[in-house]
Amino acid sequence: MKRTKISLVALLILTVVGCAPEKKDDTLNVEVYETSEGGNKLTRITEFTDVDSAAVVTIRPEQTFQTITGFGGSFTESSAYLLNKLSKKNRDTILQAYFAEDGARYSLTRTHIASCDFSLNNYTYAPVAGDMDLEHFSIDEDREDLIPMIKDAQAISKDGFHIIASPWSSPPWMKDNKAYVGGKLLPEYYDTFALYFSKYLDAYKAEGIDIWGLTPENEPHGNGNNWESMHFTPEEETDFVQNHLGPKLEADGKGHVNILGYDQNRGGLKEWVDEMFKDEASSKYFAGTAIHWYESTYEVFPETLQYAHQKAPEKYIIETEGCIDSEIPMWQDDAWYWKKEATDWGYDWAKPENKYLHPKYAPVNRYARDIIGCLNNWVDGWVDWNMVLDRQGGPNWFENWCLAPVIVDPDADEVYFTPLYYTMAHFSKYIRPGAEVIGVENGADAIIVTAAQNPDGSIAVVVFNEEKKAQNFSLTLNDKHINLKIDGQALQTIVIPKA
């Protein structure tokens, strides 16, 4: 019988190979997108640093917090009017950028019920005084601009989006001062104003537009009596919702529409949630709370947000409005949006003891820090104000100029996507409705971080570096990690696909 000869060296090699442990791949698989002062605009980063970093950011998916409702911006008459003045190509480009799958994928939006400061003039859907049954109710004012903008966005959006609607004022004849600006809703008109909401929901539904949520009043503390407004105390608004609006919507088969109370700055939130969620009866028709950031576009007020969550853990907390106000937009000047030159209303007008809440501060930083801070303190939705404004920061009948992520020059048919557009997209595009905010242990002092796990199992980690110097950090999930670098003055979204 023939024998096969195996050399001693070959036998040793086979033995060593057979006994060697399988090499473990502990590299975390990620996709990284960055927007930066240096010029990145949601740019895919593919080269990662090999330098180890003592700064470790650890993702804890076993720690779960609030469920995300969405991110987006607001449909206003001003924005819709401007879109109508652009070429069809540019109009479509803007709406695609906000709502398409390859755009920002906005999922939560807001609009105004009748006129607001970002309307071309004052108007109401019920102009006939004493019309208690609202027989003359009509949304015709919205048919030329606002409704087409919303319907075009609906046609583009694959997953759809929620809409929150808010009145800036009741019809003036229902108020004690009979004016659009200021004043209070007279108690004898509480039921008629509740009917006004119900008719609004029906009228928009007839246009193919379902309204997901309502707020009883935009900014019930008022706005200094400058543009459309109407004052409610916490007790008055809670009474209106508990005994009039809530029962009316329920009786009309609209009990599924989410009523969000308050709808003004976070600084006044505690007294409102104390009244709204005082007991089971007062809480019944409130789905949650709406907040704005104008108390300070620099300070997040985490203690106040934590308090509101603890008061009603099962209720929504949604930021329904924020923007860079009291500024005329810089045109085609990306660098300005990263500089600490922008002010807000409080820089000039806040009381001396509150001036520290209104410093000069970079617009991108305001958005990035605020959204991350909100997500880390139980806020489940964040809605920007106007989607589109012109180079003046309008049109606005009161000349209350503001910024928007997209600025247009309708006369020249030109469009400018500011860095604020890309900042919003870092959240709206990658953190989807139904995602759960999850735990993060941030060992990197120079950056701030938030994370959420999407319904498809992927994880989105948003990192913001406000410093001018680039930062290295190690991102860790379970037993895997990757060393990353974020540029100075940059925002990153790191997507971890489902394992």
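## The annotated stretch

UniProt, in an unreviewed entry, puts "domain: Glycosyl hydrolase family 30 beta sandwich" on residues 434–494. UniProt positions follow the numbering used here, feature names are shortened, and such annotations may be inferred rather than shown by experiment. Over residues 434–494 the chain is 66% strand and 0% helix, and the end C-alpha atoms sit 18 Å apart. Helices here are DSSP runs of H or I with at least four residues, strands are E runs with at least two, and both are numbered from the N terminus.

A word on the ground rules: this is a predicted model, so local features need pLDDT of at least 70 and side-chain atom pairs count only at pLDDT 80 or more, while totals for chains, interfaces and linings use all residues. Residues are numbered from 1 along each chain as its sequence is written, and side-chain values use heavy atoms, with hydrogens and water left out.

## The barrel

Eight strands form a closed barrel in the order β4-β5-β6-β7-β8-β9-β10-β11, with parallel pairing. Two strands count as paired if DSSP finds at least two bridges between them. Starting at strand β5 (residues 108–113), six bridges tie it to β6 in parallel, and Arg-110 has Ile-164 as its bridge partner in β6. Strand β6 (residues 162–167) is largely enclosed by the rest of the structure, because five of its six residues are buried. Buried means under 20% relative accessible area, exposed means over 50%, and partly exposed is in between, with a 1.4 Å probe and protein chains only.

The chain gets from β6 to β7 through helix α5 (residues 190–206), in a right-handed β-α-β crossover. Right-handed means that, with the strands pointing away from the viewer, the path from the first strand over the helix to the second runs clockwise. β5, helix α4 (residues 146–156) and β6 also make a right-handed β-α-β unit.

Helix α11 (residues 363–375) lies across β4 (70–75), β10 (316–321) and β11 (381–386), running at about 150° to β11. For these angles, axes are lines fitted to C-alpha atoms (for helices, over the stretch in contact), and values run from 0 to 180 degrees between N-to-C directions.

## Phe-193 in α5

Phe-193 is in helix α5, and it counts as buried because its relative accessible area is 0%. Leaving aside neighbours within four places in sequence, Phe-193 is in contact with Pro-167, Ser-170, Pro-171, Met-174, Leu-185, Pro-216, Met-230 and Phe-240. Contact means heavy atoms within 4.5 Å. Thr-304 is 111 residues away from Phe-193 in sequence and 31 Å away in space, C-alpha to C-alpha.

Four bridges hold β13 and β14 in an antiparallel pair, with Ile-407 partnered by Tyr-416 in β14.

Asn-90, Arg-91, Ile-94, Leu-95, Ala-97, Tyr-98 and Phe-99 of α3 are buried.

Which way does the peptide bond from Gly-394 to Pro-395 go, cis or trans? It is cis, with omega near 5°, and Pro-395 is in the loop between β12 (388–390) and β13 (406–409).

Two non-glycine residues have positive phi. Phe-301 has phi of about 60° and is found in the loop between β9 (286–292) and α9 (302–311). Its relative accessibility is 16%, so Phe-301 counts as buried. Asp-413, with phi of about 55°, is in the loop between β13 and β14 (414–417). At 27% relative accessibility, Asp-413 counts as partly exposed.
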